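Morning, everyone. Please bring up the model, and we'll walk through a few local features.

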Amino acid sequence: MDWLSWFDAADYEFARQVLQRGVAALFFVAFLSSLNQFPALLGERGLLPAPDYLAGFSRLRRPTLFRWGYSDGLLRGVCATGLVVSALLVAGVPQLGPPWVPLIAFLALWLLYMSIVNVGQTFYGFGWEMLLLEAGFTVAFLGSDQTDPPRSILILIAWLVFRLEFGAGMIKIRGGREWRDLTALYYHHETQPMPGPLSRQAHLLPKPFHRVEVVGNHFAQLVVPFLLFAPQPVGSAAAAIIIATQLWLVASGNFAWLNWIAIVLAFAAVSDPVAHAVLPVIPLDWHPGTPETPLWWLAFTLTATALLLALSYQPLRNLFSRRQLMNASFNRWQLVNAYGAFGTVTKERIEIVVSGTLDDDPDDSSDWREYGFKGKPGDVRRVPRQWAPYHLRLDWLMWFLPLRTVHEEWFYAFLGKLLEADRTTLRLLRHDPFDGGAPRWVRVRRYHYRFATRAEFRASGNRWMRAFLSEPIPPLSLRRSQGRQG
């Protein structure tokens, strides 16, 4: 039975520790984000109420615990349970028991968060939602401190990183010309959905540097992923390159937990000897005298491996398809998905600015006061904040409005909530210009935003320069807002 020892990756214990605790930490962030935002966005009195959505919910759709009824209390209970379980996993408590204990814990996180995502509608329509779900399911089979890490599961996690990186690279090569002529980063730092505190400095770097950035991106996404499966230390070096490029993305923008989960998952290719050579404080022998892996657990992990391999056929075909899908799931459980982002880069930044007034008969001379959002640009003097891995869902949807249309159902509902001075909705904002009071009118304007040059910043103190474009929604009162929603 010596051949069975191949399935035990005894020299990847550091990888398992990072994978289990890192993925659990990101689940904690995801449940915290939902606890703070879901009731206002999708709750009983939210912008897109989940009860209304569930009323037309088909039993053939994706599974959710809310199928039999939604309440804000139940949502908070689901989030609280997820927070407790994920915190225990971060602390390593379930990992002290038999391998089935962390398995159940991670599968519980997967099922609880999938229940939220599957009723989250457009506010949960992001690729990193299904990425977190797939990661949670796969990491569940890494076992506990009583067994060695299963090699087949580590390979499957590397396969997940491959699909994430190579899929994103292929989307770019097949997408906008700016990725092929190496000009994409002339625009991206300025026009990305939610800039961070260093985004302006990154944007103002010389254009030759931006071209090098694109070349580096193509190398990291189109070449390096293949090396994750190479013998050590090459596999660890490939993981290090992916981690380094993702850290640059963390420093220069806000993409919720997308970059952080890529960093965590890349550790699946890092062996203990390499990790110890880089940081000697990382031990080489984590659990001396680890007992032999029970046959029942080996059978369990191999069954999960066979399932995920069987589900890999369509995502593999998609990677090499001329009609490659981006952020697509091929089954109702959101396992073994297709990933990718930014096939094209927006060349100009258009911002939707919402303001209100107390005047009875408003015009351009009225006292219009702008609402401030936590993450999206508004105040031209304000330094963008670092929010990732926390996900500001309202702010992200605001970025999509000018790319599609402002005449979205949820957006009119949002304007109605502002006219009502709904406290739950106002808590999603950074600044309420009426201090909890209700404006008589609100209006929506489109502005062109760009980062100020260094000379413009010295002259004005503004980090953004903006120019008025149009008013897609003229002054709207509560009566007219309710009529529009009806």
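Which residues does S144 touch, not counting residues up to four places away in sequence? They are R16, Q95, G97, P98, P99 and P102. Contact here means heavy atoms within 4.5 Å.

A word on the ground rules. This is a predicted model, where local features need pLDDT of at least 70, side-chain atom pairs count only at pLDDT 80 or more, and totals for chains, interfaces and linings use all residues. Residues are numbered from 1 along each chain as its sequence is written, and side-chain values use heavy atoms, with hydrogens and water left out.

Back to S144. It sits in the loop between α5 (127-139) and α6 (151-174). Helices (H or I, at least four residues) and strands (E, at least two) are DSSP runs, numbered from the N terminus. S144 is buried, at 0% relative accessibility. Buried means under 20% relative accessible area, exposed over 50%, partly exposed in between (1.4 Å probe, protein chains only). The side chain of S144 reaches the backbone oxygen of G97 at 2.7 Å.

One of the S144 contacts is R16. R16 is buried too, at 0% relative accessibility. The side chain of R16 meets that of E13 in a salt bridge, 2.6 Å from N to O. A salt bridge is a side-chain nitrogen of Lys or Arg within 4 Å of a carboxyl oxygen of Asp or Glu. Both residues lie in helix α1, three residues apart, about one turn of the helix. E13 is buried, at 3%.

How many salt bridges does the structure hold? The count is 16. Take E129 and R393, whose side chains meet at 2.5 Å, N to O. E129 lies in helix α5 and R393 in helix α17, so the pair ties together parts that are 264 residues apart in sequence. E129 is buried at 0% relative accessible area. R393 is buried at 0% as well. As for α17, eight of its eight residues are buried.

Next pair: R443 and D364, with closest N and O atoms 3.7 Å apart. R443 is in strand β5 (residues 441-451) and D364 in the loop between β1 (349-357) and β2 (369-370), so this bridge ties together parts 79 residues apart in sequence. R443 is buried, at 8%, while D364 is exposed, at 62%. Salt bridges with shared partners join D364, R443, R445 and E471 into one network.

Now the core. The largest nonpolar core has 130 residues. Such a core is a set of buried Ala, Val, Leu, Ile, Met, Phe, Trp, Tyr and Cys residues joined through side-chain atoms within 4.5 Å. Beyond neighbours within four places in sequence, L265 contacts L19, V23, L131, A135, I157, L160 and V161. Another core, of six residues, lies apart, and V353, V380, Y447 and W464 are among them.

Last, the surface. Which residues make the nonpolar patch of about 450 Å²? They are W100, I104, W296 and F300. Patch residues have over 30% relative accessible area and no salt bridge; like charges are joined within 9 Å, nonpolar side chains (Val, Leu, Ile, Met, Phe, Trp, Tyr) within 5 Å. Areas come from the Shrake-Rupley method with a 1.4 Å probe; for residues, only the protein chains shown count as cover. α4 (100-117) and α15 (295-310) each supply at least two of the patch residues. F300, in α15, is partly exposed at 41%.

Note on methods
A polar contact is a pair of N or O atoms within 3.5 Å; within protein, one must be able to donate a hydrogen and the other to accept it, and residues adjacent in sequence count only if both atoms are side-chain atoms.
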